[in-house]
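Here is a short report on one protein chain. Please keep the sequence and the structure in view while reading.

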Amino acid sequence: MMKISKIEYYLPQQVLTNEDLEKQFPEWSSERIQEKVGISQRHISSDNETVLDMAVQSSEKIFETYDRNKVDFILFCTQSPEYFLPTTACILQDRLGLRKNIGAIDFNLGCSGFVYGLAFAKGLISAGIAQSILLVTSETYTKHIHPDDKGNRSIFGDASASAIVEKAQEVGNYQFCLGTDGSGAENLIVKKGAFRKDYELNPDHEFSPENIYMNGPEIFNFTIENIPGLVKETLEVNQMTMDDIDHFVFHQANSFMLNYLRKKTKIPAEKFYIDMEKTGNTVSATIPIALKNMMDKGMLKEGDKVLMAGFGVGYSWGATIIEI
């Protein structure tokens, strides 16, 4: 039905290491950060670098080996758009020199964004609207983080990932499982910056309403309560078992959470991929970055089946299976 034929990603040049954080927060050791979240460094966008700039970089890598004239739709996932209006995807079309008779749209999702983007791509392909889709996930969460917020600064990094999703007859027609629970909105939020004015700060929020607030324990609880069931549901709706899946690639939130999830869902360690040490949590870009790294390492072979699951801010979650 559809196939991911190419993935490339871009990481900003500026790097924030655990040693850098230790200098600012001497009560934290770099080893403790590594042990706690499984991250040794993360890439930080410069003051003048935006999700659009990064999207151009990751997409141009795609077009080194793929004809840009084939693209007939852009799906752009970000929560850090260039402007309120116009749509960042429209500007990306011009910056990349793509045809004008194509569709382009932004969608606002976080850590579930890549899976949702694939769901949208499947719908466009199934309806005959598009045959070659440029799916971009680009995020600069670090611009939302207060300089003194050591917790979030240790977790999040910036990145852009671009993928080509094409119509394909030779692969299976795998189903999606998607979920939403807006009652958890307050647990990962930036309250100021849009048009809501009558907000109240969470009493646990130490910083400005312009900065990101994350209730780590509640996010953890949400994940543990929902994602094991999501994996089970995805296998059932596709009439498959754990044994039929060659690799499991989850949103790379932090290593503690991922290892807890793996054990709770009883996924064999050799099938479960964790790769965030050098990039951190790049939100909607973590899954495509992980897939690209697996490809480059020769871990994926033709015919392999990969179960992907994204989950986080919203609350929003989603999973599906792809065939390499």
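Val 283 is buried in this predicted model. Its relative accessibility is 0%, and the cut-off for buried is under 20%. Val 283 sits in the loop between E12 and helix H9 (286–296). Its phi is near 60°, a positive value in a residue other than glycine.

Gln 239 also has a positive phi, about 55°, although it is not a glycine. Is Gln 239 buried or exposed? At 74% relative accessibility, Gln 239 counts as exposed, because the cut-off for exposed is over 50%. Its place is the loop between helix H7 (216–237) and E11.

| Cis peptide bond | Omega | Loop |
|---|---|---|
| Leu 85 and Pro 86 | about 10° | Pro 86: between strand E4 (73–77) and helix H4 (88–96) |
| Gly 314 and Tyr 315 | about -15° | Tyr 315: between E13 and strand E14 (316–323) |

**The sheet around E11**

Which strands make up the open sheet, and in what order? There are five, in the order E8-E14-E13-E11-E12, and the pairing is mixed. Strand E8 (177–180) and E12 are the edge strands; each pairs on one side only.

E11 covers residues 247–250. Four bridges pair E11 with strand E13 (residues 305–312) in the parallel sense. Within this pair, His 247 stands opposite Val 306, and Val 249 stands opposite Met 308. E11 also runs parallel to strand E12 (residues 272–273), with two bridges joining them. Here Phe 248 stands opposite Phe 272.

Which way do the side chains of E11 go? His 247 and Val 249 point one way, and Phe 248 and Phe 250 point the other way. All four residues are buried.

**Two further residues**

Ser 255 belongs to helix H8 (residues 255–265). Ser 255 is buried, with a relative accessible area of 12%. Which residues does Ser 255 contact, leaving aside neighbours within four places in sequence? They are Lys 36, Val 37, Gly 38 and Met 276.

Gln 14 lies in strand E2 (residues 14–17). Gln 14 is partly exposed, and its relative accessible area is 45%. Gln 14 and Ile 44 are 30 residues apart along the chain, yet their C-alpha atoms are separated by 5.3 Å. Not counting residues up to four places away in sequence, Gln 14 touches Arg 42, His 43, Ile 44, Ser 45 and Ser 46.

**The whole chain**

The secondary structure of the protein chain comprises nine helices and 14 strands. Its radius of gyration is 19 Å, close to the 20 Å that the globule rule gives for 324 residues, so the chain is as compact as a globular protein of that length. Along its principal axes, the C-alpha trace spans about 55 × 45 × 40 Å.

Of the 324 residues, 56% are buried. Among contacts between residues at least 6 apart in sequence, 77% join residues at least 24 apart. The accessible surface comes to about 14,500 Å². Carbon and sulfur atoms account for 48% of that surface.

The protein chain carries 32 positive and 44 negative charges. How far apart are their mean positions? The separation is 3 Å.

Terms used: Residues numbered from 1 in each chain as written. Predicted model: local features only at pLDDT ≥ 70, side-chain atom pairs only at ≥ 80, totals over all residues. Heavy atoms only, no water. Rg over C-alpha atoms; globule rule 2.2 N^0.38 Å. Buried < 20%, exposed > 50% of the residue type's maximum accessible area, 1.4 Å probe, protein only. Contact = heavy atoms within 4.5 Å. Areas by Shrake-Rupley, 256 points an atom, 1.4 Å probe, with all protein chains shown as cover. Lys, Arg positive; Asp, Glu negative; His and termini not counted. Charge placed at Lys NZ, Arg CZ, Asp CG, Glu CD. Pairing = 2+ DSSP bridges.
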